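This report looks at helix packing. It takes a pair of helices, then a single helix and its surroundings.

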Amino acid sequence: MRDFEYLPNDAVYLDAACQSLRPQPVIDALNDYYTKYNSCGERVKYEWGATTEQKVEQTREKVLKYVGLSKRRYFVSFTLNTTYGINLILSQINVKKAGIKAIVTSDIEHNSPFLSTMSCAKKNNLPRVVLTRGKDGSLPLDEIPNNALVVVNAASNIDGRLLVNIKDVIKKVHKTGGYIIIDAAQAMAHSVEVLHGVEPDAICFSAHKMYAPSLGGIIINKEFAKLIDTTFIGGGMVDDVNKDSYQLSKDNPEHIYTQFESGLQAWGEIIALGAAIDWLNNKSKNERKELEKLYTDLYEFLKTKEKIHVINNAPASTISVYVDKKETGVDSHILGAALADEGIMVRTGYFCVHYYLDHVKHYPPLLRFSLGYHNTVEDIEKVKKALENF
Ligand SMILES: Cc1ncc(COP(=O)(O)O)c(C=O)c1O
């Protein structure tokens, strides 16, 4: 497949929800940085540094445009990943200043928001509420408490379920004096539309799940950012330092993004994220349809298999299933290993959603197929053939 020509013919990669494969233009952008202008952004006066600075700034703008938010009200900081971004916010937020009275999350969250909301509630001695998402992914509006800090995903890493009532959720949270952080780890690559036309207080995402190198990002409302103290601090964040005091660079509107960027940043990876966004923006309607056709075909095939229990209510680029050991003699781990022997790379286990999958649903370990633009009709045929006699 064009842009993934480096892939061996017999490799069927179906773990894109963990990290996407990187298309050639993204790899080229990263290579260009390392081989043509390897340099620090912001700090240096030589030409390579000016190129880095300009391209990094362009990436911040591309990220905002990609999610449909304005530079006037939001800024973008880069981090390690979604987990790091959510933790940076939750560990530093001044709940008193923000008037937050409860921390809210949902049952289907990845451990990333699930655990960080636990530690935020504990640290601030606040109640933590775990709401039950509907089968369609919606949050029950009536159960959102007043003055809540809500942290929920826009798309699930189990079955691609979307936060279908995101508009109403944000409206309700804001109307009742609260704030909302969206975990967009799974939404950015294939479901970014769910984020369009809404203004959450922050969005955290992982570039490595959207065809870019390993990197994270925080997109944050400027007013909300003022409620977050700066305690995780170091180089790159200050304009002046005295023996016992310092002047934060973020106080200069031009450098507001430094609030969450301590130390040297992954400049090449940031620039290559810009290339990944260009690449995603250039996906034609046809290419999107092709991907949809592939995962719908796989979903429909899996539904025909009596001994394969599909979790999804609807087709999505992420499809989870389980097999019952009593019924089949094998569990998902064994089935996953058998598929691996055929060159088919899937994920098995609980995908960091232990609470919901293990303790709410009591499912045995699952097996997850997650597709991306690198996949082909032949890949899906190979999966069908491998599972033919199951
Ligand atoms: C919905 C969701 N949230 C958060 C994360 C955490 O992402 P990362 O490990 O990149 O921090 C993941 C990772 O799979 C995810 O799927």
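The contact involves T82, T83, I86, N87 and L90 of α3, and S112, P113, S116, T117 and C120 of α5. Contact means C-beta atoms, placed from the backbone, within 7 Å. These residues divide into four nonpolar, six polar and no charged (Ala, Val, Leu, Ile, Met, Phe, Trp, Tyr, Cys and Pro are nonpolar; Asp, Glu, Lys and Arg charged; the others, Gly among them, polar).

The axes of α3 (residues 82–92) and α5 (residues 111–124) come within 10 Å and cross at roughly 20°. That makes α3 roughly parallel to α5 (angles under 35 degrees).

## Model and numbering

The model is predicted: local features need pLDDT of at least 70, side-chain atom pairs count only at pLDDT 80 or more, and totals for chains, interfaces and linings use all residues. Residues are numbered from 1 along each chain as its sequence is written.

## The two sides of α12

Helix α12 spans residues 332–341, and its S332, L335, G336 and L339 are buried (20 or more other C-beta atoms within 10 Å of the residue's own, C-beta atoms being placed from the backbone; exposed is 12 or fewer). They lie on the same side of α12, because they cover an arc of only 100° around the axis. A337 and D341, on the other side, are exposed.

The buried residues of α12 pack against β12 (318–322), β13 (344–345), β14 (347–349), β15 (366–370) and α14 (377–387). After α12 comes G343, with a positive phi near 85°.

How values were computed
Helix = DSSP H or I, 4+ residues; strand = E, 2+ residues; numbered from the N terminus. Arc of directions from axis to C-beta. Contact = placed C-beta atoms within 7 Å. Axes fitted to C-alpha atoms, helices over the stretch in contact; angles between N-to-C directions. Parallel < 35°, antiparallel > 145°, perpendicular 65-115°, else oblique.
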